[in-house]
Amino acid sequence: MRATAYLLDMDLPIEALIASDGLVGLRRFSAKDVEAIAGACNDPDITRWTSIPSPYTIEFAQLFVTLTDTWRHEGTAFHFAVVDACDGSFLGSVGLDSVTHPPALVGYWVAPWARRRGAATRALRLMTTWAFDTLPLGSIDLLTKVGNAVSEKVAAGAGYAALRD
């Protein structure tokens with residue numbers, strides 16, 4: 001029932017923040033994010049540590065923005081733009097996949113121009129809190145590639161515990 005109420009609330013204006021801690025906010029993606037998404041996703045660190053295709057084109061970014069609304073309406077995945085809560089500038093992305101096929105899986109990236117400000121940790125905390133408060137989830141998994149110490153630090157800062165095989 002909480003997920004249904006959330007889905008109705010998701011028809012808020014695109015600019016409306018879904019969650020915020022006063023410094024970082026989460027909102028729906030919009031067409032105005034396409035160029036920033038494409039620019040950020042061509043960053044070598046993003047292509048190295050994520051499964052985002054490279055080169056990442058404007059067309060990929062446009063499709064991604066469209067799909068985020070489709071997934072949200074289906075209730076299968078929830079991806080949000082990470083923005084500066086004060087001026088609305090684009091900082092990155094945080095998303096929750098496999099919502100209907102647990103465990104849910106969270107992922108994130110931060111644009112090169114927004115790094116080293118704690119945006120990833122803040123966004124991950126916001127997404128995790130929002131997800132557990134809004135969706136009927138028992139757990140959320142977070143996977144990092146071996147050697148991605150920065151992402152491991154972000155995960156730990158947001159309260160995720162490392163599990164090793």
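This is a predicted model: local features need pLDDT of at least 70, side-chain atom pairs count only at pLDDT 80 or more; totals for chains, interfaces and linings use all residues.
Leu105 is partly exposed, with 29% of relative accessible area. Leaving aside residues up to four places away in sequence, Leu105 touches Gly95, Leu96, Asp97, Ser98, Asp141, Leu142 and Leu143. Leu105 also has Ser139 at 8.8 Å, C-alpha to C-alpha, although 34 residues separate the two in sequence.

The chain as a whole can now be set around that strand. Its secondary structure consists of six helices and six strands. In sequence order these elements follow the pattern α-β-β-α-α-α-β-β-β-α-β-α. Of the 165 residues in the chain, 44% are buried. Among contacts in the chain with a separation of 6 or more, 56% are between residues 24 or more positions apart.

One of the residues that Leu105 touches, Ser98, belongs to the loop between S4 and S5. Ser98 is not a glycine, yet its phi is positive, at about 60°. Its relative accessibility is 33%, so Ser98 counts as partly exposed. Pro103 is placed in the loop between strand S4 (90–97) and S5. The peptide bond between Pro102 and Pro103 is cis, with omega about 5°.

Arg116 is another residue other than glycine with a positive phi, near 65°. With a relative accessible area of 80%, over the 50% cut-off, Arg116 is exposed. Most residues other than glycine have a negative phi, and most peptide bonds are trans.

Pro55 is in the loop between helix H3 (44–49) and H4.

Next come the helices and how they meet. Helix H2 (residues 34–41) and helix H4 (residues 58–74) have axes that come within 8 Å and cross at roughly 120°. H2 and H4 are therefore oblique to each other. Their crossing is right-handed. On the H2 side the contact is made by Val34, Glu35, Ile37 and Ala38, and on the H4 side by Ile58, Ala61, Gln62, Phe64 and Val65. By class, the residues in this contact of H2 with H4 are seven nonpolar, one polar and one charged.

Ser30 lies in the loop that runs between strand S2 (24–27) and H2. Is Ser30 buried or exposed? Its relative accessible area is 8%, so Ser30 is buried. Ser30 and Thr66 are 36 residues apart in sequence, while their C-alpha atoms are 8.3 Å apart in space.

The other helix pair described here is H5 with H6. The axes of helix H5 (residues 119–134) and helix H6 (residues 149–157) come within 8 Å, crossing at roughly 45°. That angle makes H5 oblique to H6. The crossing of H5 and H6 is right-handed. From H5, Ala120, Thr121, Leu124 and Arg125 meet Val154, Ala155 and Gly157 from H6. This contact of H5 with H6 has four nonpolar, two polar and one charged residues.

Thr128 is also in helix H5. At 12% relative accessibility, Thr128 falls under the 20% cut-off and therefore counts as buried. Beyond residues up to four places away in sequence, Thr128 touches Ile140 and Tyr160.

How values were computed
Residues are numbered from 1 along each chain as its sequence is written. Side-chain values use heavy atoms; hydrogens and water are left out. Axes are lines fitted to C-alpha atoms, for helices over the stretch in contact, and angles run from 0 to 180 degrees between N-to-C directions. Helices (H or I, at least four residues) and strands (E, at least two) are DSSP runs, numbered from the N terminus. Angles under 35 degrees count as roughly parallel, over 145 as roughly antiparallel, 65 to 115 as roughly perpendicular and the rest as oblique. A crossing is left-handed if the near helix is turned anticlockwise from the far one by less than a right angle, and right-handed if clockwise. Contact means heavy atoms within 4.5 Å. Ala, Val, Leu, Ile, Met, Phe, Trp, Tyr, Cys and Pro count as nonpolar, Asp, Glu, Lys and Arg as charged, and the others, Gly among them, as polar. Buried means under 20% relative accessible area, exposed over 50%, partly exposed in between (1.4 Å probe, protein chains only).
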